[in-house]
Structure formats: C-alpha cells, structure tokens
Amino acid sequence: MKLTVFGATGGVGQEIVRQALTAGHQVTAVVRDPARFTVTGKGLEVFPADVRDPEALRAAVAGRDAVLSGLGARTRADTGVVTELTRSVVRAMDAEGVRRLVVVSAGPVGPQPADSPLFDRALRVVIGMIFKGVYADLTVMEADLAGSATDWTSVRPPRLLDKPLTGTYRKVVGGFPRAGRTIARADVAHAMLGVINDPATVKQGVGIAD
C-alpha cells in the first residue's frame with residue numbers, strides 16, 4: 001500500500017513508519033524538521049511540510065491508500081493543537097479524494113467498560129483532571145472526524161510505554177479493554193496499521209491495551 005504518516009518524528013509515528021516499511025509498504029513521512037527524523041529504508045519518502053497548511057499537504061496525501069496520524073500534544077499546554085493539525089490533514093485529504101484515515105487518540109476519550117474495577121475508575125478521574133486540556137482536544141478532534149467525509153478510525157490507547165513490539169494486545173471496537181492500563185508505542189503502531197483494511201473499524205473508536 002501507499003501510506004502517508006503524520007507526526008512521523010514522534011514515538012508512535014516513527015514506529016508506524018518502521019513497521020510499514022518492514023511490511024513492504026511505500027511510506028511518505030511528513031515532518032516539519034527532516035533533521036529530527038532518523039528512520040531510513042527502501043520505499044520511504046520524507047516530505048517536509050508545515051502541517052498547519054492544507055495546501056502544502058495535498059501532494060503528500062494524493063494517490064495514497066491510507067493516511068495515518070501519530071500527531072499528539074507534546075506538553076499539557078498544547079491545548080487544541082491536535083484538532084488544528086488534524087483539520088489541516090482532513091482538508092488536504094478532501095481536496096485529493098483520499099478517504100481512509102487512522103489517528104491515535106487516548107483511552108479516556110472513549111467509553112469506560114461497565115465492569116471496570118474501582119481502582120481504574122478512580123484512576124481515570126485523576127488522570128482526566130491532570131490531562132483535562134489534552135483529552136478535551138482529542139474529544140473535539142474525534143467529533144470533527146465523526147462529522148467528516150473520511151473513513152476514519154480512532155485508536156485509543158492507555159498510558160504509553162517505550163517497549164518492544166509484541167503484537168499481542170487486547171482490542172475492543174467501540175469500547176475499551178477491561179483494566180487496560182498500559183501498552184507499548186510499538187503495539188499502538190501495529191494496531192493502527194492493522195485496522196487499515198478492517199471494515200469493522202471504519203467510523204469507530206478502537207480501544208487497545210495490554
């Protein structure tokens with residue numbers, strides 16, 4: 001497949017690029033600063049661009065089978081940045097007639113399992129207070145996608161860890177795994193690539209966790 005990856009210099013984004021190249025896909029990695037991007041491989045195109053400019057992104061998404069976004073807030077102060085950048089990506093996709101979009105969000109944005117342990121319920125409240133702005137941003141992003149013409153999927157992980165790829169994790173379409181507390185960034189990337197051709201995940205949030 002021909003794939004475009006946004007947020008390619010981030011932890012999840014780099015993993016998406018690496019795993020996609022290993023699988024033999026052609027990958028366009030959109031980056032603001034190519035000097036910060038260290039991934040190499042056959043089939044890779046590095047595309048420098050300002051993600052806030054939809055016109056500059058059109059060439060990056062034109063003719064692609066799918067677009068994947070690892071865009072995320074770098075700090076808790078980056079309120080609204082993910083929504084803003086994702087809107088630019090969607091506008092570029094609309095202009096080029098590209099429909100399939102997979103984005104990374106966060107577990108607390110989606111529904112909590114009805115049988116969640118008390119500890120997990122309390123933890124979600126505390127984390128929600130600490131990262132209130134970040135989750136509010138992701139909630140708006142997902143609402144935008146729900147109203148868009150894209151065939152979107154939002155992958156919602158819990159706390160991210162820098163651990164090796166396992167390929168073994170729990171996935172719930174439209175929900176979240178019970179007592180799901182952590183997952184490796186590499187496994188998030190694996191899940192995002194895995195849902196591209198899964199029609200059951202189109203226009204759905206997908207909760208994932210170890």
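A residue counts as buried under 20% relative accessible area, as exposed over 50%, and as partly exposed in between. Keep that scale in mind for this predicted model. I130 has a relative accessibility of 43%, so I130 is partly exposed. I130 sits in helix α4, which covers residues 118–130. There is a nonpolar patch here on the surface, made of V126, I130 and F131. Together the three have about 240 Å² of accessible area.

Now turn to helix α6, residues 185–195. How many of its eleven residues are buried? Eight are, so α6 is mostly covered because buried means under 20% relative accessible area. The buried set is A186, D187, V188, A189, A191, M192, L193 and V195. At 24% relative accessibility, R185 is partly exposed.

Helix α6 packs with another helix. Two packed helices are described by the angle between their axes and the distance between the axes. The partner is α1, residues 11–22. The angle is about 55°, and the axes are 8 Å apart. The two helices are therefore oblique to each other. The crossing of α1 past α6 is right-handed.

Next come the charged pairs. Side chains of opposite charge can pair when their charged atoms come close. The structure holds 13 salt bridges. One of them joins R185 to D162, with the closest N and O atoms 3.0 Å apart. D162 is exposed, because its relative accessible area is 69%.

Another salt bridge brings K171 and D198 together, at 3.9 Å from N to O. K171 lies in strand β8 and D198 in the loop between α6 and β10, so the pair ties together parts that are 27 residues apart in sequence. K171 is partly exposed, with a relative accessible area of 42%. D198 is partly exposed too, with a value of 23%.

A further salt bridge pairs the side chains of E84 and R52 (3.1 Å, N to O). Which parts of the chain does this pair tie together? E84 is in helix α3 (residues 81–96), and R52 is in the loop between β3 (44–48) and α2 (54–61), so the bridge connects parts 32 residues apart in sequence. E84 has a relative accessible area of 36%, so E84 is partly exposed. R52 is partly exposed because its relative accessible area is 41%. Salt bridges also form a network, which links E55, R58 and E96.

Finally, look at the backbone. Most residues other than glycine have a negative phi, and most peptide bonds are trans. Two residues here deserve a look. What is the phi of A179? The value is near 55°, which is positive, and A179 is not a glycine. A179 is found in the loop between β8 (170–173) and β9 (182–184). With a relative accessible area of 27%, A179 is partly exposed. K203 has a positive phi of about 60°, although K203 is not a glycine. K203 lies in the loop between α6 and β10 (204–209). K203 is partly exposed, because its relative accessible area is 39%.

Note on methods. Residues numbered from 1 in each chain as written. Predicted model: local features only at pLDDT ≥ 70, side-chain atom pairs only at ≥ 80, totals over all residues. Heavy atoms only, no water. Patch = residues over 30% accessible without salt bridge, like charges linked within 9 Å, V, L, I, M, F, W, Y side chains within 5 Å. Areas by Shrake-Rupley, 256 points an atom, 1.4 Å probe, with all protein chains shown as cover. Salt bridge = Lys/Arg side-chain N within 4 Å of Asp/Glu carboxyl O. Helix = DSSP H or I, 4+ residues; strand = E, 2+ residues; numbered from the N terminus. Buried < 20%, exposed > 50% of the residue type's maximum accessible area, 1.4 Å probe, protein only. Axes fitted to C-alpha atoms, helices over the stretch in contact; angles between N-to-C directions. Parallel < 35°, antiparallel > 145°, perpendicular 65-115°, else oblique. Left-handed = near helix turned anticlockwise from the far one by under 90°.
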